[in-house]
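Hi there,

Here is the model I promised to pass on. Have a look at it first, and my notes on the two ligands follow below.

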Amino acid sequence: MYFSVTLAMQGPRPVVLSGPSGAGKSTLLKKLLKEYENVFGFSVSHTTRQPRPGEVNGKDYHFVTREDMQKEIDAGEFIEHAEFSGNMYGTSKGAVQAVQARNQICVLDIDIQGVKNIKRTDLNPIYIFVQPPSMDILEKRLRDRKTETEESLLKRLTAARVDLELSKEPGLFDLVIINDDLEKAYSELKEMLLEEIKKTEESRKS
Ligand SMILES: Nc1nc2c(ncn2[C@@H]2O[C@H](COP(=O)(O)OP(=O)(O)O)[C@@H](O)[C@H]2O)c(=O)[nH]1
Ligand SMILES: Nc1ncnc2c1ncn2[C@@H]1O[C@H](COP(=O)(O)OP(=O)(O)O)[C@@H](O)[C@H]1O
C-alpha cells in the first residue's frame, strides 16, 4: 500500500533521478551536491545490499538487514520500496522530511519501480531519466567501476534493458539526459533545475 504523503507540498519541488545502474546518476548527483551544497539535499535511502568500499552508513545509504527494513515498511515508515538485483531498496518518510526540514531541494536516486510508486504520492517531483549512450558503454562503465561481481553485473545489465524500454513510456519522465560527455550531461541537468535553484536561493535571502 502506498499512502498519500502529506509531508510534500512544502518548500521546493523534489527531483527524482532514475536510470540504469551505471548510467551515471551518482556521478551527476555528487557534482550537483558539491556545486550547490546548501541548495540540494540527498534523500538517503535504505538498502539491504552490502556497503561498497568508501560508502558511509547514513550518508550514501542506511545499510540495514532485510528483517529490520521489513519491520519499518510494515510500520508504514516508507514512501516507496522495491526489490532490485536481489536486494531491497526504499525511501523512508524520514529521509525526505530531513531534507525538507532544511528547506533544501530533495534529490532522490531511485529505480523505475520507485518512480512509478512515487507517482502515486503527492510528492510532485521533477522526474529525470539518465540514459547511457549505449548498452556496450554501460557495460564497460559498470565493469570499470569494479563494484560488482559477475553475477550482480549481469543482473544489472538485464535490469538496464528493461528500464530502457520502460523509460519510453510517454509522460513518465520530464527529461531524458544521455550521459555521453559528463560535462554536457551535467549542464543539461542544471538547466532543467535552474528555476528551482533560483527560487531556493531567493528564499534564502529573504
Ligand atoms: N525504488 C528505489 N530504488 C532505489 C532506492 N535507492 C536506490 N535505488 C536504486 O537501486 C538501484 C541500485 O542501486 P545501487 O545498489 O546503489 O547501485 P548503482 O546504482 O549501480 O550505484 C539503482 O537503480 C538505484 O537508483 C530507493 O530508495 N528506492
Ligand atoms: N559521462 C561519463 N563518461 C565516462 N564515465 C562516466 C560518465 N559518467 C559516469 N561515469 C563512470 O561510470 C561509472 C558509473 O557511474 P555511476 O555514477 O556510479 O552510475 P549510477 O549511479 O547510475 O549507477 C562510474 O565509474 C563513473 O565514474
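Where does ligand 2 sit? Ligand 2 sits in the largest pocket, and ligand 1 sits there too. (A pocket is an open set of points on a 1 Å grid over the protein atoms alone, where a 1.4 Å probe fits, with protein on both sides within 12 Å along at least five of seven lines; a molecule sits in it if more than half of its atoms lie within 2 Å of its grid points.)

This is a predicted model, where local features need pLDDT of at least 70, side-chain atom pairs count only at pLDDT 80 or more, and totals for chains, interfaces and linings use all residues. Residues are numbered from 1 along each chain as written, chains are lettered from A and ligands numbered from 1 in the order written, and side-chain values use heavy atoms, without hydrogens and water.

Ligand 2 first. Among the 13 residues around it (a heavy atom within 4 Å), G22, K25, S26, T27 and N179 come nearest. A polar side-chain atom of K25 is 2.8 Å from an oxygen atom of ligand 2. The protein covers 74% of the 570 Å² of accessible area that ligand 2 has on its own (Shrake-Rupley method, 1.4 Å probe).

Now ligand 1. R145 has a polar side-chain atom 2.7 Å from an oxygen atom of ligand 1.

Best wishes

Technical notes
A polar contact is a pair of N or O atoms within 3.5 Å; within protein, one must be able to donate a hydrogen and the other to accept it, and residues adjacent in sequence count only if both atoms are side-chain atoms. On a 1 Å grid over the protein atoms alone, a cavity is a set of points where a 1.4 Å probe fits but cannot get out, and a pocket is an open set with protein on both sides within 12 Å along at least five of seven lines; lining residues have an atom within 4 Å of a point.
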